[in-house]
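Please look over the sequence and the model before reading on.

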Amino acid sequence: MKEWTRSDTLALASNRCTSCHGLGLVFGKRGKSNPCNCVLRAIFRACYARFRHCVEKEKYMSKVSLQFTRGTDRRLTWGRKDEEYIADFVLVSRRSLTPTEYKVFKYHFLLGADWRLCSRKLGLSRGNFFHMVYRIMHKLGRVFRELEPYGLYPLNEYFSTTVRGVKPVAAPLPPPTPDRVPVRPWRRAA
Ligand SMILES: [Zn+2]
């Protein structure tokens with residue numbers, strides 16, 4: 001479990017928050033520090049904004065970028081960062097939420113339905129709908145930051161270094177096609 005410190009939360013906290021008063025941390029029993037809900041919402045909003053940005057961009061282009069993998073095996077890997085982020089955002093959310101929460105998440109955040117449509121479709125009162133939305137934001141904000149080994153947040157770390165689910169391919173790319181591999185060294189005719 002990640003230990004949250006003020007440096008994680010200060011920039012994200014809301015100055016008007018009555019729970020943390022802008023510090024971003026709340027203290028539980030035995031003085032254990034926890035991220036305030038205003039921080040978790042800020043993390044969720046940042047990830048969600050990036051997700052929407054990636055979805056919009058993907059409609060127009062699909063950029064393949066060449067990236068270095070982490071660790072000792074520093075080979076180059078082809079990856080599609082935006083597509084990976086879109087997939088991670090949805091998969092991590094589905095894995096972390098209850099089936100009912102995921103339904104609300106899907107209708108509201110993925111399909112863009114407003115509270116009226118969600119309430120009607122899911123049989124929730126307005127109050128229960130917003131209560132659920134807040135719970136989803138708090139839950140996912142924490143998961144996106146605490147996810148091991150690579151979280152969806154901070155975004156700059158995700159987009160600068162992370163390569164997952166992609167088998168590293170040694171550079172240079174692409175590999176030679178079989179019909180171009182010489183059987184023996186080519187020699188100039190005398
Ligand atoms: Zn707060």
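## Overall picture

Of the chain's 190 residues, 21% count as buried. Buried means 20 or more other C-beta atoms within 10 Å of the residue's own; exposed means 12 or fewer, partly exposed lies in between, and C-beta atoms are placed from the backbone. The model is predicted: local features need pLDDT of at least 70, side-chain atom pairs count only at pLDDT 80 or more, and totals for chains, interfaces and linings use all residues. Residues are numbered from 1 along each chain as its sequence is written.

The chain has seven helices and four strands. These are DSSP runs numbered from the N terminus: helices are H or I with at least four residues, strands are E with at least two. From the N terminus, the order is α-β-β-α-β-β-α-α-α-α-α. Among contacts with a separation of 6 or more, 53% join residues 24 or more positions apart. A contact requires C-beta atoms, placed from the backbone, within 7 Å.

## The nonpolar core

The largest nonpolar core holds 28 residues. Such a core is a set of buried Ala, Val, Leu, Ile, Met, Phe, Trp, Tyr and Cys residues joined through C-beta atoms within 7 Å. Val39, Ile43, Phe44, Cys47, Ile136 and Phe144 touch the most other members. Helices H2 (37-60), H3 (81-96), H4 (99-110) and H6 each give two or more residues. H2 supplies the largest share, eight residues.

Take Phe144. Leaving aside residues up to four places away in sequence, Phe144 touches Ile43, Phe44, Cys47, Val92, Gly151, Leu152 and Tyr153.

## Where H5 meets H6

Helix H5 (residues 115-122) packs against helix H6 (residues 126-146) at about 105 degrees, with the axes 10 Å apart. That makes the pair roughly perpendicular, a label for angles of 65 to 115 degrees. Axes are lines fitted to C-alpha atoms over the stretch in contact, and angles run from 0 to 180 degrees between N-to-C directions.

H5 contributes Trp115, Cys118 and Ser119 to the contact; H6 contributes Arg126, Phe129 and Phe130. By type, the contact residues are four nonpolar, one polar and one charged.

## Cys118

Cys118 lies in H5. Is Cys118 buried or exposed? Cys118 is buried, because 22 other C-beta atoms lie within 10 Å. Beyond four places in sequence, Cys118 touches Val104, Tyr107, His108, Ala113, Leu124 and Phe129. Phe105 is 13 residues away in sequence and 9.8 Å away in space, C-alpha to C-alpha, from Cys118.

Technical notes:
Angles under 35 degrees count as roughly parallel, over 145 as roughly antiparallel, 65 to 115 as roughly perpendicular and the rest as oblique. Two residues are in contact if their C-beta atoms, placed from the backbone, lie within 7 Å. Ala, Val, Leu, Ile, Met, Phe, Trp, Tyr, Cys and Pro count as nonpolar, Asp, Glu, Lys and Arg as charged, and the others, Gly among them, as polar.
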